[in-house]
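This briefing covers selected residues and helix contacts. The sequence and structure come before the notes.

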Amino acid sequence: MPVLTRDEAQTRAQLIEVHHYTVDLDLNRGPDTFDSRTAIRFTAHTSGDTFVEVKPAELRTVTLDGQPLDPAALDDNRLPLPGLAEGEHELVLDAVMRYSHTGEGMHRFTDPTDGETYLYTQLFLDDIQRVFAAFDQPDLKAVFDLTVTAPEGWTVLANGVTEHLGDGKWRATTTPLLSTYLVAVAAGPWHSIRTEHRGLPFGLHCRRSLAPHLDADADEILDATRACYDRYHEKFDEPYPFDSYDQAFVPEFNAGAMENPGLVTFRDEFVYRSAVTDTERQTRAMVIAHEMAHMWFGDLVTLKWWDDIWLNESFAEYMGYQTLTEATRFKDTWVDFGIARKAWGYDADQRPSTHPVAPEDVPDTASALLNFDGISYAKGASALRQLVAWLGEKDFLAGINTHFARHKFGNATLADFIESLASGTDRDVHAWADTWLRTTGVDTLTAQVTEAPTDPESWTLTLDQQGGRPHRIAVGLYDHAPADTSAGRAFVLRDRIDVDVPGEPRTFHGARPALIVPNDQDLTYAKVRLDPASEEAALRGLSGIPDPLTRAVVWNTLRDMVRDGQLEPAAYLETAAAHLPGETDLAIVQGVLAFAHTQVADRCTAPADRPAALTLLTTLCEDLVRRTEDGSHPGLRLTAVRHLIDAAQYADVIRDWYDSGAVPGGPELDPELRWRILGRLSVLGAVDDAVIEAELAHDPSAVGQEGAARCHAALPDPQAKAAAWDALFTTDPERDLSNYLFTATAQGFWQPEQADLLRSYIPRYFTDATALAERRGPAIAAAVGRYAFPEHAIDTDTLRLGEQCLANDNPSPSLRRRLADQLDDLARVLKARETQES
């Protein structure tokens, strides 16, 4: 399929100006297709040739200014408009469109719990063409009028307030100027909760089968929504720019959420059916804050071309965490960002697919889609946090408000944004942008401490820098806590000093601190290496560092050292075992346990040593369970139970839990824990298909369907593996798995315990994945590269096969990016294993 190039977009934007779309969708056609009629009013500034995009099942009729055009002229997704005369035009297209089951375009889902059907659009980045015809590029903003005919009993949601006209027909209010990718529709028998805040309609919506769970959390969700709304109105001069604010929790959604103006769509896993930790509730609130920030940055002011996606995502990411900290009960959001989200950016920035936060060369939409990654989100947000530390929040917000005023309901570029920031400060923001936004890679800051040989009360700190960015950081100086006042803390803060890097060495008078932490408070984006004495002190007393954000910095240092082959994986596990029982921040516990299990034990540790690693994790989690028997830390207990299940090497204990329906002392097994145990029992070969099907009969929900698919694929049985592989890589479109069932099956298939059974599938993966990605498109290509990759096959043969695939098999852009990253991670893991072997 042809993709839109930047040159083509620039040419078209010079030729035409789009004014208005009138879109009519009829969703009563049946389970496979829907009718779509589009009228587009636009002006041609000069005569010339252009095209409109549409991906129909059938293009029935086309007229331009009342004159018919030949539908057969459609070339893949492009309908040529040759010889366009200067002046006003109206283009009308009538088409039959296909529903999607991959989370792209108009996704159709039938809830297995009650048989109800739900539809929603996801039109990012170029998927509006799957729903209606459009001049599909972000700088051709237009006004949209939308009508939808749906089955009786359904509710239709859209970017604006919708009105039911009778006979299943719904009309949405006319939008302000929007980019095409931001148009949104959601239709179905929604369970809705409606209220108002400051005169604005607010709504929450989910599938009917999830209604009790949404009702239980509605106050919490709406409280976060109202708090963020109010705080943004304190920060931003421009008021909220749309006529309503609906939040729809939709099934089988590929992203966390999508910032459609007035109708934000979220993956409906955020409607919790089972127990979750407070950190997970914080994550949901952060996503709410993130998407609301987009109403200004992304929706009110939109990027001109996809090289500036960071202007949308980095800003929303930074503002989401910061605003949640300021406006809600979640005061330690930056700890979670540092221990979990930021690692996503560090990893992405060290892979061969790295790119600048603001790349200068994004030639087409396919290339742009690949850049929605840890760099555009986590690294970009980290860069903005560093900018605020350097610029000051007052000047930063002044620049933001200038930007909104200059470009509201329009499009802007990086240059526009920097000019807005520069307008309110004497600092050289242009130079900052060049060094931070136009470069790749992670700087490393290494602390060197020199003690004066003749003066024990004098020492010098030097921060060696690998990389070229300027950093404004804090350095924490910590002393050992007095034994009688430590209250469980190994260290007390002596001082926290501001340091510019690069900079001159700093000499201090007095005994050197026991622990020196560069980037204390995590204000910059850089890997940190402690001086040898501080590293030893941190390994002994990490949980006793008084501030959780500083502990997150140190844990990230250890994580990076494992990935860089500078710390033995066993040492990381031993540190986790020593310090997580005393850790008070749940985000840190969750982040460290996740890395310790999925990366250190399952990948970095040699197969012969993996049982010992899992035993250590089991012992650690048992310790956490014992410490939470009084019920005072339910989130910590739930986290420990989850990891106890995942690390189980024998079936007896967790099978007893499953059969009894509870963990001794709690918790009782909710659906998530039941499927989690059954998944691990499947890996261990302790259950069969009959047990899985019995559980599915007990929980026939969408989550149950995914759990059953995961369990069937995880069974250590040749027939089960063959069936799972066939389901994943079938060439029959009638048997294609939906995006979520594909992911669940892939997650179950590869298991480190089953290496011998799975060996023959490794070479098949590279051939079959390439064909499947080409046939099913970017969303499935991303899933096949992320979830179906044999990441536990840690050997040079897998590396060789992957490199041959990249060189010879021409995988699709989305799959190529995933494979390149997976192979780079594989090489890193091989290096980490060499560390322990040497």
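Leaving out residues up to four places away in sequence, Q590 touches T277, T279 and T639. The model is predicted.

**Q590**

- Q590 is part of helix α14, which covers residues 586-604.
- Q590 has a relative accessibility of 17% and therefore counts as buried, since the cut-off for buried is under 20%.
- One of the residues Q590 touches, T277, also takes part in a polar contact: the side chains of Q590 and T277 meet at 2.8 Å.

**L84**

- L84 belongs to strand β6, which covers residues 78-84.
- With a relative accessibility of 1%, L84 is classed as buried.
- Apart from neighbours within four places in sequence, L84 has contacts with I16, F42, A44, T46, S47, G48, T50, L64 and H89.
- Between L84 and H45 there are 39 residues of sequence separation, and their C-alpha atoms are 9.9 Å apart in space.

**Helices α18 and α20**

- Two packed helices are described by the angle between their axes and the distance between the axes.
- Helix α18 (residues 671-683) and helix α20 (residues 702-714) have axes that come within 8 Å and cross at roughly 15°.
- The two helices, α18 and α20, are therefore roughly parallel to each other, as angles under 35 degrees count as such.
- The crossing of α18 past α20 is right-handed.
- Sorted by class, the contact of α18 with α20 holds 6 nonpolar residues, 4 polar residues and no charged residues.

**Helices α18 and α19**

- Helix α19 spans residues 689-698, and α18 packs with α19 at an angle of about 170°, the axes being 11 Å apart.
- That angle makes α18 roughly antiparallel to α19, because the class applies to angles over 145 degrees.
- The contact of α18 with α19 is made up of 5 nonpolar, 2 polar and 2 charged residues.

Notes. Residues are numbered from 1 along each chain as its sequence is written. This is a predicted model: local features need pLDDT of at least 70, side-chain atom pairs count only at pLDDT 80 or more; totals for chains, interfaces and linings use all residues. Side-chain values use heavy atoms; hydrogens and water are left out. Helices (H or I, at least four residues) and strands (E, at least two) are DSSP runs, numbered from the N terminus. Buried means under 20% relative accessible area, exposed over 50%, partly exposed in between (1.4 Å probe, protein chains only). Contact means heavy atoms within 4.5 Å. A polar contact is a pair of N or O atoms within 3.5 Å; within protein, one must be able to donate a hydrogen and the other to accept it, and residues adjacent in sequence count only if both atoms are side-chain atoms. Axes are lines fitted to C-alpha atoms, for helices over the stretch in contact, and angles run from 0 to 180 degrees between N-to-C directions. Angles under 35 degrees count as roughly parallel, over 145 as roughly antiparallel, 65 to 115 as roughly perpendicular and the rest as oblique. A crossing is left-handed if the near helix is turned anticlockwise from the far one by less than a right angle, and right-handed if clockwise. Ala, Val, Leu, Ile, Met, Phe, Trp, Tyr, Cys and Pro count as nonpolar, Asp, Glu, Lys and Arg as charged, and the others, Gly among them, as polar.
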